[in-house]
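This briefing covers a ligand site, a helix pair and a loop. The sequence and structure come next.

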Amino acid sequence: MTDGVTPASSAPGYLPGTDMPRFIRDMMEFVGMTDADVSAIRRSAPIVLGHEGALTSALYDHFVKFPRSAVFFLGADGEVDKVRIERRKHSLGRWLRETAEIALTSEFSYYVLSVALAHGHREQPPGAIPQHLVVGAMSLTQSALATIFAAELGAEEAAAASVAWNKLLLVQLSVFMLAYVPPRRVL
Ligand code: HEM
């Protein structure tokens, strides 16, 4: 969108979708992701991946409990489509594995954008996943990880892992949110 005065091409800033590595780098900086956080994520990654099945099941079991989220997983017969749920768990597992690697590659940053678009620009009925459910799902993920870290690590290491993962997940959430607003230049 423009203000009708400034030509879009000369407005300051850039469109996040045209430079996702920069957007993610800038967000990492904004949330204060330090080298210590990156190390805490790398150290805790094996624990997270060791619980991949439990984490993905916890999220999807939760989704199907509420009509407002279950509606996205129903088959033609109106029942929860178990095959579709298994496919979705598989996709979520891939996302978790790639996130745990905190890959800062261009390919990964556009992968996250494509996942965001799969939710926000979903065309088939019942349409886009409401953004507040995506926010809620990120909260569920944070809580599930904090519980796992508390059970498996000492207090200090658990706190460091939770803080670092919270930053990383909300950087991802900021990418998800791009799918819900019209493209807009940012600084
Ligand atoms: C933490 C938040 C979430 C993450 C990380 C996540 C992750 C993913 C991934 C990786 C995919 C595959 C995208 C692709 O095709 O490449 C996907 C698809 C999908 N997700 Fe999510 N998801 C989240 C939240 C939700 C929520 C809250 C719902 C619904 C209540 C949902 C419903 C779906 C559906 C229906 C698809 C299939 C999209 C399509 O029809 O093509 N997701 N999700």
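Pro126 sits in the loop that runs between α6 and α7. The model is predicted. The points below start with that loop, then turn to the ligand shell and to one helix crossing.

- A cis peptide bond leads from Pro125 to Pro126, and its omega is near 0 degrees.

**Shell around the ligand**
- The ligand has 18 residues around it, and the ones that come nearest are Ser69, Ser91, Ala118, Leu133 and Ala137.
- Two or more residues of the shell are given by each of α5 (82-100), α6 (106-120) and α7 (131-152).
- Helix α7 supplies 5 residues, the largest share of the shell.
- Sorted by class, the shell around the ligand holds 11 nonpolar, 5 polar and 2 charged residues.

**Crossing of α1 and α8**
- Helix α1 spans residues 20-30 and helix α8 spans residues 155-178; their axes come within 9 Å and cross at roughly 135 degrees.
- The crossing in which α1 passes α8 is right-handed.
- On the α1 side, the contact is made by Ile24, Met27 and Met28; on the α8 side, by Val171, Ser174 and Val175.
- By class, this contact of α1 with α8 has 5 nonpolar residues, 1 polar residue and no charged residues.

Methods:
Residues numbered from 1 in each chain as written. Predicted model: local features only at pLDDT ≥ 70, side-chain atom pairs only at ≥ 80, totals over all residues. Near = placed C-beta within 6 Å. Helix = DSSP H or I, 4+ residues; strand = E, 2+ residues; numbered from the N terminus. Nonpolar A, V, L, I, M, F, W, Y, C, P; charged D, E, K, R; others polar. Axes fitted to C-alpha atoms, helices over the stretch in contact; angles between N-to-C directions. Left-handed = near helix turned anticlockwise from the far one by under 90°. Contact = placed C-beta atoms within 7 Å.
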